[in-house]
Amino acid sequence: MSRIRILSEDLANRIAAGEVVERPASVVKELVENSLDAGASLVSVEAQGDGTRLIRVTDDGCGMDADDALLCLERHATSKLEDDLFAIRTFGFRGEAIPSIASVSLFTLLTRPADAELGARVEVRYGRVIKAHEIGCAAGTVVEVRNLFGNQPARRKFLKSRRTELAHIDEVVRAAALANPAVRFRLVVDGRTTLHLATADSSLTARVHRLLAGKLSRDLVRVAGQAEGVEVEGVLLAPDEDGAGRQPLRLFVNGRPVRDYALVRAVADGGRSFFLKGRRPAGVVCIRIAPHLVDVNVHPTKQEVRFRQPAQIFRLVAGAVAQALVAYQQARRQEDFGGRGKGAQTCPPGKGWRPQPFSSPPVEEPYRTEGQKETPDVSLAEPPPDSPPLPQVRPAPLEREHDTRAAGRPFVRVIGQLFDSYILCEGEDGLVVIDQHGAQERLLFEKLRREYMHGGVRRQALL
Ligand SMILES: Nc1ncnc2c1ncn2[C@@H]1O[C@H](COP(=O)(O)OP(=O)(O)OP(=O)(O)O)[C@@H](O)[C@H]1O
Ligand SMILES: [Mg+2]
């Protein structure tokens with residue numbers, strides 16, 4: 001007798017649910033994506049408890065007729081995929097989300113297309129349809145998911161605290177709102193509206209201001225780039241914004257939030273010269289790409305994609321980010337110098353030209369950072385005589401300064417500051433560029449080494 005058997009529909013659904021529905025936030029993601037695919041202009045998400053008690057997603061999209069309201073509960077039933085997996089323009093295409101969610105919850109669907117007189121209501125109990133009837137209701141769709149994982153206690157145990165689960169839900173709604181600025185979103189948790197994004201916020205920049213930049217940001221950097229079949233649009237928080245580096249970077253491919261390490265690296269590469277060590281670009285980068293150039297069928301949760309020509313995409317993204325940051329820095333510089341009038345800008349360096357933001361010491365003074373003032377015996381130029389040579393952060397300028405200090409007198413004169421990161425000095429033979437950040441690190445290093453040489457570094461024991 002054959003040992004192999006075909007799994008029951010119910011079991012197959014629950015296995016699929018294991019992949020698609022990991023936690024309450026996955027339900028929100030699938031239902032919101034369905035609403036977006038249905039052309040909704042308003043998506044409202046309600047959650048109760050940690051999301052397992054209730055998730056309700058309401059939209060004003062195209063709705064379903066009574067037949068489709070039942071059909072959508074079948075596995076592999078979709079209106080979104082013809083034959084070609086490389087022509088997908090919708091978020092969904094697998095026909096799995098609704099049956100998966102319905103198999104692990106008490107599920108209710110209420111839906112009506114705008115041109116139908118009556119809508120349909122279908123009630124499902126852990127995968128089994130228990131009621132289906134016509135009913136008067138608003139055009140669009142309402143999906144209610146109660147008692148999620150009620151038939152899978154083991155799954156419930158893997159859920160985290162209420163706060164964490166709600167944070168995941170919040171993140172899903174925010175991501176959808178960033179990727180779809182023209183759609184209004186609302187998130188209501190336990191009866192309290194926690195997020196309300198109206199049409200007035202309907203540009204990507206406005207959404208980034210609302211959702212990411214919050215209180216901290218005044219400046220945003222707009223990213224744009226184009227190649228054949230690919231378009232990059234983004235909004236990054238300005239590199240010099242305090243706290244920008246702690247914000248996340250969100251990536252979207254054709255409106256789909258994706259996790260793609262190579263793309264994150266491409267954005268970081270583009271921003272490399274503009275961010276201080278340890279900081280990275282934050283904000284949103286959206287890639288719009290012809291469907292035949294990207295494979296979205298990589299993972300059941302669709303959070304990964306594969307590009308046909310990854311190198312081209314990464315170059316485009318890195319280039320667009322770098323270009324945007326250069327333009328931003330230039331604009332900032334112009335703004336900074338603007339108050340001094342045109343003449344001041346065109347005055348050649350070294351002949352009285354002083355950029356405004358940098359409060360440089362008097363012209364004949366050697367450049368000192370704050371650290372140097374406090375610890376005058378520690379200097380970039382004079383390592384203790386008994387110490388081995390140190391690796392130089394910026395070899396040329398430091399050596400130059402060292403030579404002249406050894407000759408008895410410092411000569412570099414500060415003439416300005418570049419990109420808020422480099423100090424420009426006039427030396428005997430020309431321009432000396434000091435990496436502020438590197439110099440500061442070097443000063444601290446020298447200070448610590450000196451303390452170490454003279455009896456040990458002060459430290460605090462861990463509590
Ligand atoms: N909010 C909605 N408004 C209108 N139609 C919907 C809505 N939600 C689901 N549908 C219909 O039900 C079908 C099944 O939805 P389901 O989410 O299970 O699959 P899918 O979206 O096609 O693919 P995937 O499993 O990848 O999400 C959809 O193809 C769509 O036709
Ligand atoms: Mg779907």
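## Overall build

A contact here means that heavy atoms lie within 4.5 Å, and of the contacts in the protein with a separation of 6 or more, 63% are made by residues 24 or more positions apart. The structure is a predicted model, in which local features need pLDDT of at least 70 and side-chain atom pairs count only at pLDDT 80 or more, while totals for chains, interfaces and linings use all residues. Residues are numbered from 1 along each chain as its sequence is written, chains are lettered from A and ligands numbered from 1 in the order in which they are written, and side-chain values use heavy atoms, with hydrogens and water left out.

The protein holds 13 helices and 18 strands, where helices (H or I, at least four residues) and strands (E, at least two) are DSSP runs numbered from the N terminus. Of its 463 residues, 45% count as buried; buried means under 20% relative accessible area, exposed over 50%, and partly exposed in between, with a 1.4 Å probe and protein chains only. The accessible surface of the protein comes to about 24900 Å², and carbon and sulfur atoms account for 51% of that surface; such areas come from the Shrake-Rupley method with a 1.4 Å probe, and for residues only the protein chains shown count as cover.

An N or O atom in the side chain of Lys-80 is 2.7 Å from an oxygen atom of ligand 1, a polar side-chain atom of Asn-34 lies 2.8 Å from an oxygen atom of the ligand, and a polar side-chain atom of Thr-141 is 3.4 Å from a nitrogen atom of ligand 1. Taken alone, ligand 1 exposes 580 Å², and the protein buries 94% of that area.

Glu-30 has its place in helix α2 and counts as buried because its relative accessibility is 4%. Residues up to four places away in sequence aside, Glu-30 touches Val-20, Ala-97, Ile-101 and Lys-302.

Ile-101 belongs to helix α4 and, at 1% relative accessibility, counts as buried. With residues up to four places away in sequence again not counted, Ile-101 touches Val-21, Val-27, Glu-30, Leu-31, Phe-107 and Val-145. Ile-101 and Asn-13 are 88 residues apart in sequence, yet their C-alpha atoms are 8.7 Å apart in space. Lys-302 is found in the loop between β14 (294–295) and β15 (306–307), is buried at 4% relative accessibility, and has a phi near 60°, a positive value in a residue other than glycine.

## Further sites

Helix α6 (residues 162–179) has 18 residues and reaches 26 Å from its first C-alpha to its last, close to the 26 Å expected at 1.5 Å a residue, the expected span being 1.5 Å times one less than the number of residues. Its buried residues include Glu-165, Leu-166, Ile-169, Asp-170, Val-172 and Val-173.

Arg-332 lies in helix α9 (residues 310–338), counts as buried at 19% relative accessibility, and touches Asp-219, Asp-240 and Asp-420, not counting residues up to four places away in sequence. Ala-227, in strand β9 (residues 220–227), is partly exposed, with a relative accessible area of 28%. Ala-227 and Leu-316 are 89 residues apart in sequence and 7.3 Å apart in space, C-alpha to C-alpha.

Terms used. Polar contact = N/O pair within 3.5 Å; in protein donor to acceptor, adjacent residues only side chain to side chain.
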